[in-house]
Amino acid sequence: MTHSFSKNYLIGVLLIALSLAASYFIFQLLLAPPTEAHDVDPQYSCDCYPSNPDKCTGAQDIHSHTDGSGYWCGTTAKPGIPAWQCTGGGNLGCTLVGGDGNGGGPPPPSDPCASYPGGVNQACNPNASCWCKGTEDTTCAVKNADDTWSQTSGAGTCKQNVIVDVSGPNSSPACKDFTISWDNQYLFGGSCTFQNGANSDWWPSPGTHVNIPGSYSRTGQEDNNPNPPPFTRTYGMQCTNGFSTRSDSVSVNITAGGLCPKSPTVNLTASPTSVVSGNSSTLTWATTNSPTSCTASGGWSGSKSVSGGSQSTGTLATTTTYTLTCSNAVGSGSDSETVTVTSPLPTCSINCNPSSVTTGNSAAVSWSSTNAASCSVTNSANSTVWSGTSGSQNTGALTSSRSYTQSCSGAGGTCSASTTCNVTGCTVDINANPTSVTSGGSSTLSWSSAGATSCTASGSWSGSKATSGSQSTGALTQSQGYTLTCSGAGSSSCTDSVNVNVNAPITPSADIKANGSDGPVIIPYNTSAMISWSSSNVSSCTVSPTGWTGTSGNYSSGNLTADQTYTLNCTGANGAASDSVTVSVQQQQHHLTANLGANPTSGDAPLSTTLRAKAGGTATGTINYTFWKDCDNPKVAVSEAAQVCGAWDAKYDGVNSNPKSTGVTYSSAGTYTAKVIIERENFSEEARVTINVSEPEDSGDDGGGGGDGGGGGGGDVPPTVDIDAYPTVIYQGGVATLTWSTSNADSCSASASPSDSDWNGSKPTSGQQVVTPGGTTLYTLTCQNDGGQASDSVTVVAPSIREILPRQ
C-alpha cells in the first residue's frame with residue numbers, strides 16, 4: 001500500500017513543523033528526514049533520544065539520525081490515511097495498519113518482509129516488497145547524498161559478506177589438549193577451507209574443505225616437533241560465499257611442558273651387505289626414544305642392547321635377513337637388513353713343464369682350479385684340446401712354440417690363465433696346393449719357417465730358397481716330392497717335405513638337367529622346361545631328339561603336351577659319355593567356353609535368322625546344344641533354364657559338329673534374346689545374343705514379293721571363321737596348339753607369316769593342329785562358300801632363347 005499526500009497538505013505540515021521546532025534536534029529532523037520505502041513523515045515520527053532510548057522500546061522500525069543526534073522510529077496513524085505504525089512486536093520489518101481515523105479499515109497485514117534474510121540491513125517499501133538498505137557488507141542498495149536509500153538489485157535476498165571468526169587460547173603446553181573454535185555466518189551454500197597449521201600434529205592440512213556453516217571446534221595437542229617448545233602455531237580458516245572471501249586465524253604459543261613420549265625408532269645396518277660364502281658381516285644398530293627392550297629375529301635372536309651396539313654375523317653360507325624390534329611403553333619400532341651371500345670366484349692355474357724344448361720334442365701341460373665347475377684348455381689356434389677342472393697332458397712333438405689357455409667357470413664367475421711351451425731351434429713348414437693334379441697340371445708350393453736363417457731345396461726342386469715364400473711346380477706329368485731344409489742358430493736345422501700326386505687322365509663326363517634337376521621333372525601341360533647340359537674331357541656333344549649341339553648349353557624345351565626324354569651324347573679323345581633326363585607333362589586341365597551369333601541380328605517381321613553356337617576351350621568329346629529363341633537368363637543348367645525360359649526351341653545332343661546352327665523365326669516386332677547352353681565332358685556354359693525385329697513397312701502397290709528384307713531365300717549365308725592358339729607365348733622351339741571352327745564353310749585353306757610348313761594348304765572346316773614356329777608367327781585360316789569368304793588370324797609369340805636369357 002502507498003500513502004498519497006496532496007501538495008497543500010504537505011505545505012501545511014511543513015508550516016506546523018516549523019512552528020513546533022523547539023530544539024536543534026527537531027530542526028535537524030525537519031531538514032533531513034530519512035526517506036524510507038513508506039515515506040515517513042517526520043512530524044509523525046516517534047523521536048527517541050540517547051537520553052531517553054526507552055521511547056523506542058517495542059518499535060518495529062528504528063533508525064538513527066544521520067547527524068548522530070538520536071533515533072526515530074515509525075509514525076503514528078494519520079486520521080483517515082493508513083500509516084506505518086511504530087508499535088507492535090519484534091524489531092524487524094514493519095506493520096502496516098489501516099484506518100479512517102474512526103477505527104475503520106482493513107486489518108493489519110502480516111509482515112511482508114519477515115521471510116527475507118538480511119537483519120538490520122532490511123527495509124520495506126509501501127507496496128510491501130523488501131530490499132536492502134546497503135552497508136559495507138552488502139551491495140543491494142546505495143545511500144544517497146540526502147541520506148536516503150535507493151534500491152539497486154531489486155527485491156529479494158540480501159547478499160552479505162561472509163563472516164568467519166576463529167578463536168583459541170593464547171598458549172598451551174606441549175602434549176596437552178586445547179581447542180580451536182570457529183564460527184561461519186552468511187555462508188549461503190559456500191565453503192570454508194583450513195589455513196595455516198603448517199607442521200601441526202592435528203590441525204588439518206591447508207586447503208582441506210569444511211562445507212557446513214555454523215559454529216564448530218576441534219581439539220588436539222602439539223608435541224615437540226619440529227623443535228622442542230616454546231614455538232608458535234597459527235590456526236586459520238578461509239570462507240567464501242560466492243560474493244566475498246574472508247579469513248581469520250588465531251596464534252597459540254606452545255610452551256614447554258615436558259617431552260612427549262614416542263615409540264622407539266631402530267636403525268640397523270650391515271657392513272658389508274654382500275659377502276662371499278664363508279665370510280661374515282658386522283651388524284650395527286642405534287635406537288631413539290628410550291626403548292626398554294630390543295629383540296632380534298630372522299638371522300639372529302635374543303635380547304639386544306637398548307642403547308645400540310654391534311655384532312658379527314659369523315660365517316655365512318646363504319643370504320640372510322636380520323631384524324631388530326625395540327619397544328617402550330608407547331609402542332615399538334623395527335628395522336631389517338639383508339646380507340647377500342655370493343659364491344666364491346674360481347681360480348685357475350696352468351703350467352708347461354719343461355717351459356722350453358727343442359724342435360720335435362714334447363712337454364707336459366698341467367692345470368688345476370678351485371671353486372670351478374668346468375674347465376677347458378685351448379691351444380694358440382683357439383681349438384679345445386683338453387677339459388676337466390684339473391689334469392695333465394703331453395703336447396706331442398712340438399715344431400714351434402705354442403701357448404695354452406685354461407678357462408674355468410663356477411657359481412661365483414669365471415677365470416682364465418695361460419702358459420707357453422717354448423720351442424728352440426728352427427722350424428719349417430711346406431705345403432702344396434693342390435696336392436693332386438692331372439697330367440699337365442701344376443701345383444703351388446708355399447712354405448714358412450721360424451728361427452731359420454737359410455733354407456735349401458731338394459728332391460724335385462733345388463737351390464737356395466728364402467725362409468718363406470711360394471713357387472709353382474710347373475706342368476707335371478708324374479708325381480713329385482719337394483723337400484726344404486733350413487738352418488737355425490748354432491748347429492740347429494729343420495726339414496719338411498710335401499708330395500704332389502699326378503693322376504691319370506680323367507675320363508669324359510656328361511651331365512644333362514631339366515630345370516636344374518637330374519629329373520624326372522614334372523611340368524604343367526603345354527608349358528616348357530629349361531634343358532641345360534655340361535661336360536668335361538670331351539670335344540663335342542649332341543642332344544637328342546632336338547639336335548642341339550655343344551659341350552654345354554641351355555635351351556627351352558618348348559611347350560610340351562607329352563612326356564619327353566632328352567639324351568646328351570658326348571665324345572672326345574679319351575672316350576664317350578652320355579646322360580639323360582625326362583620331363584613329365586601333367587594331364588591337361590580342360591575347360592569349356594560358349595559363343596552364340598545370329599545372322600541376321602535385325603530385320604522386319606516376320607524375321608527368319610540362323611543362330612550359330614560354338615564350343616571353345618580344351619574340353620573334348622561330343623557336344624549337346626540347347627537353343628531358346630527368346631530367353632534372357634544366365635542359368636547354365638538346361639533343367640534350371642527350362643524352368644525359367646520354358647521349353648527349348650531346338651536341341652541337338654551327342655553331336656560332333658562345332659559350331660552348330662539352327663534356324664528360328666520371329667513373327668512379330670520386338671527385341672528378343674536368343675540363348676544357347678553348350679554341354680561337353682562335365683562342363684556346361686551358356687551364351688546369348690540380341691535380335692531386333694521391326695514392323696514391316698507398307699508395301700503399297702508393289703505387291704507382296706520377298707522384297708529386300710531378310711526373309712527371302714536368295715543366296716548362301718557367308719561363312720564365319722574362328723581360330724585360337726594355346727598358348728600364345730612360347731619359347732622358340734616350343735609347340736602351340738591351333739584350334740579352329742567355322743560355320744557355313746565349304747572349304748578352308750591355311751597360311752602363315754613367316755611361312756610355316758606345318759600350316760599351309762587345305763584344312764578341314766574345324767579341327768586342331770600342333771605347330772612349332774621358328775619365331776613369332778601369324779597363323780591365318782580363310783574359308784569360303786557360294787555366298788563369299790571369311791578369314792581369322794592368331795599370333796603365336798616365340799622369342800629365341802638368346803632373346804630371353806641374359807648375355808654371359
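A strand here is a DSSP run (E, at least two residues; helices are H or I runs of at least four), numbered from the N terminus. Two strands count as paired if DSSP finds at least two bridges between them. Strand β37, residues 452–459, pairs with β38 in the antiparallel sense over three bridges.

Let's step back to the sheet that holds these strands. Five strands make up an open sheet in the order β35-β41-β40-β37-β38, and the pairing is mixed. β35 (436–438) and β38 (463–465) stand at the edges with a single partner strand each, so one side of each has no neighbour in the sheet. On average, neighbouring strands of this sheet are turned by 30° against each other, direction ignored. For such angles, axes are lines fitted to C-alpha atoms (for helices, over the stretch in contact), and angles run from 0 to 180 degrees between N-to-C directions.

## How the model is read

Residue numbers start from 1 along each chain as its sequence is written, and side-chain values use heavy atoms, with hydrogens and water left out. Because this is a predicted model, local features need pLDDT of at least 70 and side-chain atom pairs count only at pLDDT 80 or more, while totals for chains, interfaces and linings use all residues.

How many disulfides does a search of the whole structure find? The search finds 10, where a disulfide is a pair of cysteine sulfur atoms within 2.5 Å. One of them joins C426 to C494, with 2.2 Å from S to S. The link of C426 and C494 is left-handed, with -125° about the S-S bond. C426 lies in the loop between β33 and β34 (427–433), whereas C494 belongs to strand β41 (residues 493–503), so the pair ties together parts that are 68 residues apart in sequence.

Another disulfide is formed by C348 and C415, whose sulfur atoms are 2.0 Å apart. The torsion about the S-S bond of C348 and C415 is about 75°, so this disulfide is right-handed. The pair links distant parts of the chain, 67 residues apart: C348 is in strand β26 (residues 347–353) and C415 in strand β33 (residues 413–424). C415 is buried, with a relative accessible area of 15%. C375 and C408 form a disulfide too, with their sulfur atoms 2.0 Å apart. The link of C375 and C408 is right-handed, with 115° about the S-S bond. Here C375 sits in strand β29 (residues 374–379) and C408 in strand β32 (residues 402–410), distant parts of the chain that are 33 residues apart. C375 counts as buried at 6% relative accessibility, and C408 is buried with a relative accessible area of 4%.

## The largest pocket

The largest pocket has a volume of about 590 Å³. On a 1 Å grid over the protein atoms alone, a pocket is an open set of points with protein on both sides within 12 Å along at least five of seven lines, whereas a cavity is a set where a 1.4 Å probe fits but cannot get out; lining residues have an atom within 4 Å of a point. Grid points are joined across faces, edges and corners, and the volume is the space filled by probe spheres set on the points.

Which residues lie closest to the centre of the largest pocket? Of the 29 lining residues, they are G616, G617, T618, T739 and Q768. The lining divides into six nonpolar, 19 polar and four charged residues. Ala, Val, Leu, Ile, Met, Phe, Trp, Tyr, Cys and Pro count as nonpolar, Asp, Glu, Lys and Arg as charged, and the others, Gly among them, as polar.

## Strands around the pocket

β50 (592–599), β52 (607–617), β58 (720–726), β59 (736–743) and β62 (767–771) each supply at least two lining residues. β59 is mostly covered, with seven of its eight residues buried. β59 pairs with β58 in the antiparallel sense over seven bridges, and T720 has S743 of β59 as its bridge partner. β59 is also joined to β62 by five bridges, again antiparallel, and W740 has G767 of β62 as its bridge partner.

Terms used. Buried means under 20% relative accessible area, exposed over 50%, partly exposed in between (1.4 Å probe, protein chains only).
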